[in-house]
Amino acid sequence: MILVLSNVANESANELVEMFPPEAASLVTASNIHASFKIAVSVANFEASELAIGAARISPAEISGVISTIAHFFPQEFYYIERADREYVCAEVSAFFVYFLSELRCKKLNPPSSRALSGLGMHGMEWMKAAHSFGIPVWPAELKNGVPVEPAAREDVQSFRATIVGDSVVEEDAPERVRAYLRALSRAYSMPYLCADFISRGDGEYFLRGLWSVPDITIPANREAIVAFMKRAT
Amino acid sequence: MILLWGTIDDSPMAATRDALARYGADFFFLDHRAIARSEIDYAFSSQMGGRCVVRVANEPIDMSGVKVAYVRGSDFRDYDEFRELPAHSPQVMQAGWFEAQLRAWLDASDAVVINRSGPSATNYSKPYQMTLIRQAGFLVPEALISNDAAAATRFLSENPDSIYKSLSAVRSIVRKVGDSHRSFIEDVNWCPTFFQKLIPGTNYRAHVINGEILAVRIESDQLDYRYGKSSMTVAELPLEVAEKCRRLTAMLGLYFSGIDLMRTPQGDWYCFEVNTSPAFTYFESLSGQRISIALADFMIDADSR
């Protein structure tokens with residue numbers, strides 16, 4: 001079974017689940033955990049844990065992949081919990097999933113970390129420094145109180161987006177150098193999904209402008225690439 | 001320069017600041033309570049690298065000079081000027097962004113940061129941390145996480161002496177599961193709950209500061225010693241236990257940790273948790289152990305390199 005972790009408001013998550021064969025994927029959201037994701041997890045013997053996901057009773061080994069489309073749960077998603085307890089329940093469920101996803105031995109898009117349910121939870125500033133250390137040109141950035149200071153629009157540059165899923169770059173027209181940059185970062189940080197904005201001056205060089213590690217499944221081409229990746233992985 | 005970022009009414013921060021001041025160390029105290037009057041500018045380019053300047057009441061502080069940082073988080077929403085403001089008000093948003101940006105700057109910097117966000121966040125999930133604790137060579141208690149009342153009931157039948165506590169970093173009083181709790185067992189269906197087999201023995205707390213171990217033995221009339229009459233005496237850990245504490249702290253990527261240990265009557269050592277931002281003054285005041293001095297020593301030494 002493939003778990004798709006998402007937000008109940010993200011309709012693309014249902015579309016993603018439906019792209020897999022019937023019963024092969026299951027959607028997990030903060031809003032349905034109490035009803036359709038029942039767990040009895042043994043911390044000393046994780047593989048012996050018992051899971052009931054929807055109508056299926058399975059062991060952790062039967063989870064063949066995870067697609068985590070959220071970095072965090074939010075208290076307001078636990079609408080069925082009394083308002084005063086939502087922050088607590090949110091923290092507890094988050095703590096559980098960081099552990100649970102980490103323990104699963106299957107392909108994860110993206111693997112969780114102590115900071116996020118998907119990916120390393122790194123600030124853009126950390127990504128820029130990381131990219132710079134790999135020799136990837138970085139477009140000058142400025143933040144004031146956390147808000148990007150947008151430079152004056154320039155007609156001599158073009159921006160574009162490139163997304164890597166596994167070893168494949170979704171955008172067919174992405175330049176080879178950009179593909180190489182994404183592959184280098186994806187491998188170095190063990191993040192099979194990365195999405196980046198680049199800037200081109202038209203001289204054959206490409207500058208990284210921003211980078212995200214939580215899969216964006218609202219884009220149909222991304223969903224197709226993710227399904228293909230999971231099918232390869234399983 | 002040493003940066004202290006927190007509030008002065010937080011006793012570990014105050015004790016560290018006092019220790020640094022007594023040493024005459026070069027430090028700057030960035031008051032978290034001034035966050036409403038604080039601004040942060042950041043710029044990055046391939047040519048220059050990164051640059052970060054914080055302004056408090058228009059006074060600039062160049063963060064590039066920070067070689068060591070000690071950070072103790074506070075929730076600014078508890079401050080008077082924020083308490084009545086809605087979550088999406090410009091003031092709340094700006095304070096949140098300020099925090100995130102300064103945290104990110106420190107995380108990405110080459111400074112010795114006590115402690116960085118990623119390692120600190122391991123404490124947000126106790127079972128996640130338990131995996132690492134086991135990898136470091138410690139015993140961990142048998143435990144169940146469940147949102148299924150029937151499974152929880154089975155575990156409690158098999159392990160009648162069990163405790164329950166939070167999975168996350170939200171503070172909870174560790175309590176033995178008693179008959180009164182069993183009548184609420186159906187509540188487990190609404191939230192994953194953490195049950196752990198009770199391990200009898202003597203509590204120890206080890207503070208690890210860049211490899212140096214400061215341990216205390218704790219006697220208490222309560223299961224959760226933080227909420228009872230407790231006494232502490234300075235203790236020396238067996239060499240192999242001390243080594244596991246060092247290994248665990250290093251594995252977690254921490255410079256400073258507070259490790260909760262239990263020695264059983266049989267001489268086995270269990271580890272329950274690693275506090276990644278230890279409120280060490282509680283232990284300092286009850287044991288006389290000079291943890292703040294050791295922390296200041298480490299920071300001054302790191303700053304001088």
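Predicted model: local features only at pLDDT ≥ 70, side-chain atom pairs only at ≥ 80, totals over all residues.
# Loops, helix contacts and spaces in a two-chain model

A:N110 sits in the loop that runs between strand 7 (107-109) and helix 4 of chain A, and the peptide bond leading from A:L109 to A:N110 is cis, with omega near -10°.

**Backbone details in loops**

- In chain B, a cis peptide bond joins B:I114 and B:N115, with omega at about -5°, and B:N115 has its place in the loop between strand 7 (112-114) and helix 4 (117-121) of chain B.
- A:E23 has a phi near 70°, which is a positive value in a residue other than glycine, and A:E23 is found in the loop between helix 1 (11-18) and strand 2 (25-29) of chain A.

**A helix contact between the chains**

- Two packed helices are described by the angle between their axes and by the distance between those axes.
- For helix 4 (residues 124-133) of chain A and helix 3 (residues 90-108) of chain B, the axes come within 8 Å and cross at roughly 25°.
- Because angles under 35 degrees count as roughly parallel, helix 4 of chain A is roughly parallel to helix 3 of chain B.
- The crossing in which helix 4 of chain A passes helix 3 of chain B is right-handed.
- Helix 4 of chain A brings A:M125, A:E126 and A:K129 to the contact, while helix 3 of chain B brings B:Q101, B:A104, B:W105, B:D107 and B:A108.
- Sorted by class, the residues of this contact between helix 4 of chain A and helix 3 of chain B are four nonpolar, one polar and three charged.

**A helix contact within chain B**

- Helix 1 (residues 11-23) of chain B packs with helix 10 (residues 291-304) of chain B at an angle of about 60°, and their axes are 9 Å apart.
- Helix 1 of chain B and helix 10 of chain B are therefore oblique to each other, and helix 1 passes helix 10 in a right-handed crossing.
- From helix 1 of chain B the contact takes B:A15, B:T16, B:A19, B:L20, B:R22 and B:Y23, and from helix 10 of chain B it takes B:S292, B:I293, B:L295, B:A296, B:D297, B:M299 and B:I300.
- The classes in this contact of helix 1 with helix 10 of chain B are nine nonpolar, two polar and two charged residues.

**The cavity**

- A search of the whole structure finds one cavity of 30 Å³ or more, and the largest cavity has a volume of about 30 Å³.
- The lining of the largest cavity is made by A:I33, A:H34, A:F78, A:Y80, A:V89 and A:V93 together with B:N147, B:W190, B:C191 and B:P192.
- Helix 2 (33-36) and helix 3 (86-103) of chain A are the elements that give two or more residues to the lining of the largest cavity.
- The lining of the largest cavity holds eight nonpolar residues, two polar residues and no charged residues.

**The second largest pocket**

- The second largest pocket contains about 440 Å³ of space, and of the 21 residues that line the pocket, the closest to its centre are B:Y164, B:D187, B:V188, B:T193 and B:F195.
- At least two residues of the lining of the second largest pocket come from each of helix 3 of chain A and, in chain B, strand 9 (162-165), helix 7 (179-182) and strand 11 (193-197).
- Strand 11 of chain B gives the largest share of the lining of the second largest pocket, namely three residues.
- The lining of the second largest pocket has 12 nonpolar, four polar and five charged residues.

Notes:
Residues numbered from 1 in each chain as written. Chains lettered and ligands numbered in written order. Heavy atoms only, no water. Axes fitted to C-alpha atoms, helices over the stretch in contact; angles between N-to-C directions. Helix = DSSP H or I, 4+ residues; strand = E, 2+ residues; numbered from the N terminus. Parallel < 35°, antiparallel > 145°, perpendicular 65-115°, else oblique. Left-handed = near helix turned anticlockwise from the far one by under 90°. Contact = heavy atoms within 4.5 Å. Nonpolar A, V, L, I, M, F, W, Y, C, P; charged D, E, K, R; others polar. 1 Å grid on protein atoms, 1.4 Å probe; cavity = no way out; pocket = protein on both sides within 12 Å on 5 of 7 lines; lining within 4 Å. Points joined across faces, edges and corners; volume = space filled by probe spheres on them.
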